[in-house]
Amino acid sequence: MASSRKLRLLFRAIVLAFGAIALFTRFHAASLLGAYDDDAFYYFQIARNIVTLHRSTFDTLHLTNGYHPLWMLVIVALTFLASGKLFFVLLQLVAFASFATTYYAARRVFLYVSTNAALPEIAAAIVALQTLFLIHGGMEITLTLPLSLLLAAFRLRPAFHWTPRTALTYGLLASLVVLSRLDAILFIGPILALDALFTRSTARLLAPITAAVPVILYALLNHHFFGTLTPVSAQAKDLRLHPGFSFTALHSSLYFLTSAYGYLIIFPAVLVVLLSLATSRKPRTNPANRTAQILGLTFIAFPILQLLTVSITSDWQIWSWYLYSFTLALAGAFLLLFDKFPSPTLPKDLDNLLAGATAVMAILYALSTTANVTPHWTTFATDVAAFAATHPGTYAMGDCAGTTGYLIHQPVVQLEGLVMDKPFLDNLRQQRDLSAVLRDYNIRYYVTFRAIPEGSCFRVDEPAKSGPDSPRMRTTLCQQPAASFPVGPTTLQIFDLAPHPAP
């Protein structure tokens with residue numbers, strides 16, 4: 001027994017140690033910007049402007065609410081505490097805390113329904129390693145994943161009883177999950193509704209009320225300060241020309257299946273989900289059994305609801321951080337399996353074998369993430385920064401504007417509308433001529449890597465990453481770019497829209 005306990009402690013230390021290696025080894029000065037997703041820099045730049053200018057703005061010109069609120073609060077706090085590289089060090093510490101919390105919360109969730117000591121450790125490590133792979137880009141799911149599992153752990157604990165205090169705490173946790181990423185309401189809502197349906201205590205009704213109050217308050221503050229109840233980033237992606245289901249978002253995201261995201265996130269989740277649903281076992285009499293089933297099935301249903309919602313409301317491409325729903329589905333599938341088979345009969349040495357195999361997986365994963373990668377948006381940003389150092393003015397850019405806006409010391413109007421405002425969305429909705437919009441916003445330099453040559457002119461449209469059923473602003477620029485920078489198979493071009501300004 002003592003040796004088994006020591007083995008589990010060693011196993012946890014290995015998982016945590018290599019999680020730290022994965023987060024910090026790839027973190028060097030040469031690849032600092034490349035360590036994060038381009039969209040994360042929208043958070044970083046807006047937070048910097050909130051701290052320095054006391055305005056929620058990306059381009060310093062227009063107020064925006066194009067972000068998930070709870071993660072923005074964290075980034076603002078880190079920005080207030082530090083700048084430069086120290087800010088990113090603190091950000092990595094937050095990411096490590098997220099990874100470790102996910103691991104321990106998942107472990108606690110599984111141990112509530114399993115009497116086996118080793119299998120919950122291994123399942124929690126797999127969930128945590130998926131989390132590590134998803135959160136390295138600096139997006140809001142850094143909070144959503146651990147908060148979701150903390151919510152499940154709180155609800156499943158044997159001491160849980162419906163009292164006003166417990167319901168208030170539970171509701172508050174649920175609201176934090178939603179405020180960390182708003183589409184989490186797709187599983188938080190069903191969990192609270194099913195709890196209210198299958199529980200007799202009247203105290204349970206306080207949970208959804210408590211969860212709703214902060215979310216409603218957030219919506220009202222949005223309306224007061226920004227004139228819209230929901231983030232402008234979500235509205236920009238939902239500007240469909242025709243209502244109805246669209247396969248565009250799903251089709252444009254099939255590349256995940258042949259990437260590391262498919263092998264590490266999607267396929268393992270689907271496999272374990274199918275296994276958990278295909279196995280049958282006589283229901284247990286444990287009172288926590290129904291709660292475990294509610295949580296497990298709701299987590300499993302989440303990616304389906306998420307993909308259906310995106311396909312109905314939008315035809316934009318699905319990004320990697322959306323896949324956090326598959327990690328929650330994986331956790332839900334493990335929960336169902338452990339609930340069905342709480343005391344599996346295993347060979348004596350299998351626990352040690354599985355623990356060793358998972359530790360090896362952690363090592364290989366950590367090593368695979370230490371490569372010094374330089375994504376194309378980082379190169380774009382450094383090229384534009386070099387140009388902007390001697391060419392002051394207001395810039396405009398669509399895709400990959402996050403890192404550029406963070407790096408250069410000039411305003412950057414984001415032409416996809418993700419971090420703009422409600423009036424800008426009207427330009428998109430009306431499909432106005434892009435040249436007219438650029439004039440209205442006093443743009444001096446237009447930056448793109450998607451200009452299509454047409455004779456001596458260039459055809460451009462924004463946003464470029466939206467689907468065929470989304471509105472776009474188009475124009476033709478009959479002038480040569482002021483600067484061109486080859487970046488791999490593409491060419492970044494900067495057009496000077498006022499090459500001969502009036503004196």
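Cys 400 sits in the loop between β1 (395-397) and α17 (401-407) of this predicted model. Its phi is near 70°, a positive value in a residue other than glycine. Cys 400 is buried, at a relative accessible area of 4%.

His 54 also has a positive phi, near 60°, and is not a glycine. This residue belongs to the loop between α2 (40-53) and α3 (69-81). With a relative accessible area of 67%, His 54 is exposed. Most residues other than glycine have a negative phi, and most peptide bonds are trans.

A cis peptide bond runs from Glu 462 to Pro 463, with omega near -5°. Pro 463 is part of the loop between β5 and β6.

The model has one disulfide. Cys 457 and Cys 478 form it, with their sulfur atoms 2.0 Å apart. The pair joins distant parts of the chain, 21 residues apart: Cys 457 is in strand β5 (residues 457-462), and Cys 478 is in the loop between β6 (473-477) and β7 (483-487). The torsion about the S-S bond of Cys 457 and Cys 478 is about 100°, so the disulfide is right-handed.

The table lists relative accessible areas.

| Residue | Relative accessible area | Class |
|---|---|---|
| His 54 | 67% | exposed |
| Cys 400 | 4% | buried |

Methods. Residues are numbered from 1 along each chain as its sequence is written. This is a predicted model: local features need pLDDT of at least 70, side-chain atom pairs count only at pLDDT 80 or more; totals for chains, interfaces and linings use all residues. Side-chain values use heavy atoms; hydrogens and water are left out. A disulfide is a pair of cysteine sulfur atoms within 2.5 Å. Helices (H or I, at least four residues) and strands (E, at least two) are DSSP runs, numbered from the N terminus. Buried means under 20% relative accessible area, exposed over 50%, partly exposed in between (1.4 Å probe, protein chains only).
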